[in-house]
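Here's a quick tour of the charged side-chain pairs in this one. Have the viewer open and follow along.

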Amino acid sequence: MRSAICDMVAIARLLNLTLIVPELDKTSFWADQSEFGDIFEIDHFIQSLSDEVKIIKQLPSKFKERATAGAIMSMPPVSWSNESYYLNQILPLVKKHKILHFSKTDTRLTNGGLPLEMQKLRCKVNFEALKFTPRIQELGHKLVHFLQSKGPFLVLHLRYEMDMLAFSGCTHGCTDAETEELTKMRYAYPWWKEKVIDSEQKRLDGFCPLTPEETTLVLKALGFDKEIQIYIAAGEIYGGDRRMAPLYDAFSNVVRKETILNAEDLRPFQNHSSQMAALDYLVALDSDVFVPTYDGNMAKVVEGHRRFLGYKKTILLDRRRIVQLVDDFQRGSLNWDEFSLSIREHHNQQMGAPRKRTEIPERPKEEDYFYANPEECLSK
């Protein structure tokens, strides 16, 4: 959501167009009915970008009749496009139709190869203009204050929710019944294109989120004290306490927002997954250590934001190497000391320190994501 909004502002500025405050997706798997203003401060968003692009809150009245009749051109821009695509193909469409609706906005702008001013504008939107609402900020700061008052804390972005596993086809450690349930869920959603998935091969290739059991072994191997606070930034973990038991046994202070806050605090956020994620986002930014178990969109944007805040410690786990080491350890090919030394040595240079962003223009999905390492905007 954040990265898509940043890209749309940059595109509007490039084409010298008026931007209407984005509508948020309400038809995805989560069916969150939140509006832009339920998550971000609209007036701050508009005012902080007023010298860059004109932003208005709603569709001008002269276009409303066309919109009601479905007569406004709607299209998804081509993914990973550069400025020439928008100048040469999109701008003529706007001149012809006067208004254009983008039906998809994620990853519609390339990572690199853009003018420096576009890159810096993307950062300005992300780090200055997109300010969470006072209600979200207040509760997020309450969570952070509670954790900080008790000492250092680690945020574990544990992507092991049911929808994540169904979408990815990753079922390592699941029962046969759970595997069947996840497969049925994957087939039930037509927009999840990949249906037949080899879970074990995908895991060995490093494309699965780490399981709670694998994550526990990694945290222990990295040498974290068993008393450190571990805040779980995630939805409901699939398999529940059965899968989380190793983490609970190894670390005595595992918490999440639902165990810190009372039910009354969280009531306004219930059934609003984006607002709940915003709370986790704020806690992740202020944590002493951030550990994502899967490099999804939120993990990448948090990584980049923590770089912007001074290269705060973010442990970027090499899942492919980790599952090899975990399997060797569990087979007895490695003892604990060998396993933990290998984990530490492999990750000692993957802590969110400054580094050059890798760009592969012909394969943008494989290159480093701009929002994970927006180096054009960072102070070295």
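## Glu213 and its partner

Let's start with Glu213, which counts as partly exposed at 25% relative accessibility. Keep in mind that this is a predicted model. Glu213 forms a salt bridge with Arg243, and the closest N and O atoms sit 2.6 Å apart. Helix α11 (residues 212-221) carries Glu213 and helix α12 (residues 240-250) carries Arg243, so this pair ties together parts that are 30 residues apart in sequence.

What about burial at the other end? Arg243 has a relative accessible area of 1%, so the arginine counts as buried, with the cut-off for buried being under 20%.

## A link across the sequence

Now jump to Arg203, which pairs with Asp327 in a salt bridge whose closest N and O atoms are 2.9 Å apart. Arg203 belongs to helix α10 (residues 199-204) and Asp327 to helix α17 (residues 319-331), so the two tie together parts 124 residues apart in sequence. Both Arg203 and Asp327 are buried.

## Glu264 and Arg267

Another pair to click on is Glu264 with Arg267, whose side chains meet in a salt bridge at 3.0 Å, N to O. Is Glu264 buried or exposed? Its relative accessibility is 53%, so Glu264 counts as exposed, given that the cut-off for exposed is over 50%.

Some salt bridges share partners: that's how Arg13, Asp51, Glu52 and Lys124 end up joined into one network. How many salt bridges does the structure hold? The count is 30.

Notes: Residues numbered from 1 in each chain as written. Predicted model: local features only at pLDDT ≥ 70, side-chain atom pairs only at ≥ 80, totals over all residues. Heavy atoms only, no water. Salt bridge = Lys/Arg side-chain N within 4 Å of Asp/Glu carboxyl O. Helix = DSSP H or I, 4+ residues; strand = E, 2+ residues; numbered from the N terminus. Buried < 20%, exposed > 50% of the residue type's maximum accessible area, 1.4 Å probe, protein only.
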